[in-house]
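Please examine the fold displayed here, moving from its overall composition to a pair of packed helices and then to individual residues.

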Amino acid sequence: MDTESQSRFSTLKYALGPGLIMAAAAVGVSHLVQSTRAGADYGFALVWAVILANIFKYPFLEYGPRYAIIAKESLIEGYKKLGSWAFWIFVVFTVGTMFTVQAAVTIVTASLAAELTGLVLSPLIWSAIILGICILILAAGQYSALDSAIKLIMVVLTISTLIAIVVAVFNTGDAPKPQPPSIWTGSGIAFLIALMGWMPIPIDGSAWHSIWSLERIKQTGRQPSLKDSLTDFNIGYIGAGILALCFLTLGALIMFGSGEVFANSGGAFSRQLVSIYTSSLGDWAYIIIIICAFTTMFSTTLTVTDAYPRVSRQILSNISTKFSADSTKSYKYFIITISIISLIVLYFAGDRFTFMVDLATTLSFLTAPVLAFINYRLVMSKHFPDEHRPPTWLRILSWCGIVFLSGFALFYTYSKIFL
């Protein structure tokens, strides 16, 4: 390794972390659940939707670390500088979706925990147990615990998924598949929007990423360059996008055309999800796959459980100067409060597993165009240095993304009224 490469790695290692945490948050419901369902129900017909969602959301999520590293503050603080309108839109959207999002990722994790342990408990009790464990981990270690838990989980899941795809390709061979059903129906469009809603992660994840970037600086005591921070982001983002296509491929190869459809209950869905892997790799792989699937969803729940209290602190600190955004006490208070309200949401939703997932992902998609526009306005505003603003190609992609997200949001609204 030459001196230049050694020097680059010595600085890059201090930036690595937030991008992988973002990937861990992404490779959860949108991948294990929605991408796999897309492949199982529509074969490879929705590959375009996964690819386009990843491409057109890229700029707005990239602006999270871009702004944090240069401005040395979170996007939420930037929203306040941009104008009260931007700040309060973010607040309303966040408060309006956080409990549903937390509930959705938790119920998926709870279902996998029940499958892993074999303990017959209600989904609500399992969800309470999962959130209790997350609270204990984060209250003890906060960012350091989160950063350390993610890396091994992501490596194991990626390797097992790639192996499962290779085996599935050889097992299915050239067996003919039926024509996929039309996506352009009322129910099909609803699923399409739900699929793209968290593909690969909601756009408000950019605010989470900006906060994690600042926490990484506190953890290491080093200020990374913008180049290194964006490299970390790209590693996590591109990896999450590739894994989404991998899960869609597994669903298409193994379940599409089999006559089997994913169940609506969490327990049954978890068993079907694991069977996708074991049908390719063999029953011997069951314990490995169920552990990987559970730990992946647990990492998503852990990151979401960490993100919303941090966001809530930032919101309150921008509303009142008397409130500290670094308050450990308020962080623990928000973890507990948000978790309890999320459990109440689950109580009223019951075991309507796919309903909870589709609701959370659809809400995220419908708020995406507005948040995308706000992020773009912020990095192009007077509050952000000219020399660090997005390059021309990223600005063009930003406007294309705003048009794409807005167009599908309007199309979804039209379909609910007329289809």
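Of the 419 residues in the protein, 57% are buried, a term that denotes under 20% relative accessible area, with exposed meaning over 50% and partly exposed lying in between (1.4 Å probe, protein chains only). The model is a predicted one, in which local features need pLDDT of at least 70 and side-chain atom pairs count only at pLDDT 80 or more, whereas totals for chains, interfaces and linings use all residues. Residues are numbered from 1 along each chain as its sequence is written, and side-chain values use heavy atoms, with hydrogens and water left out.

The secondary structure consists of 16 helices and zero strands; these are DSSP runs numbered from the N terminus, helices being H or I with at least four residues and strands E with at least two. The protein exposes about 16,600 Å², of which carbon and sulfur atoms supply 67%; the area comes from the Shrake-Rupley method with a 1.4 Å probe. Among contacts in the protein with a separation of 6 or more, 86% join residues 24 or more positions apart, a contact being heavy atoms within 4.5 Å.

Two packed helices are described by the angle between their axes and the distance between the axes. For helix α6 (residues 84–117) and helix α13 (residues 286–319), the angle is about 160° and the axes are 9 Å apart. Here the axes are lines fitted to C-alpha atoms over the stretch in contact, and angles run from 0 to 180 degrees between N-to-C directions. α6 and α13 are therefore roughly antiparallel to each other, the category for angles over 145 degrees. The residues of their contact divide into 24 nonpolar, ten polar and one charged. In this classification Ala, Val, Leu, Ile, Met, Phe, Trp, Tyr, Cys and Pro are nonpolar, Asp, Glu, Lys and Arg are charged, and the others, Gly among them, are polar.

Within helix α13 lies Thr301, a residue with a relative accessible area of 0% and therefore buried. Leaving aside residues up to four places away in sequence, Thr301 touches Gln102, Val105, Thr106, Thr109, Ile130, Leu131 and Cys134.

Helix α2 (residues 18–26) is also mostly covered, with eight of its nine residues buried; among them are Pro18, Gly19 and Ile21.

Thr337, in helix α14 (residues 328–349), has a relative accessible area of 26% and is therefore partly exposed. Its C-alpha is 9.1 Å from that of Pro309, although Thr337 and Pro309 are 28 residues apart in sequence.

Terms used:
Angles under 35 degrees count as roughly parallel, over 145 as roughly antiparallel, 65 to 115 as roughly perpendicular and the rest as oblique.
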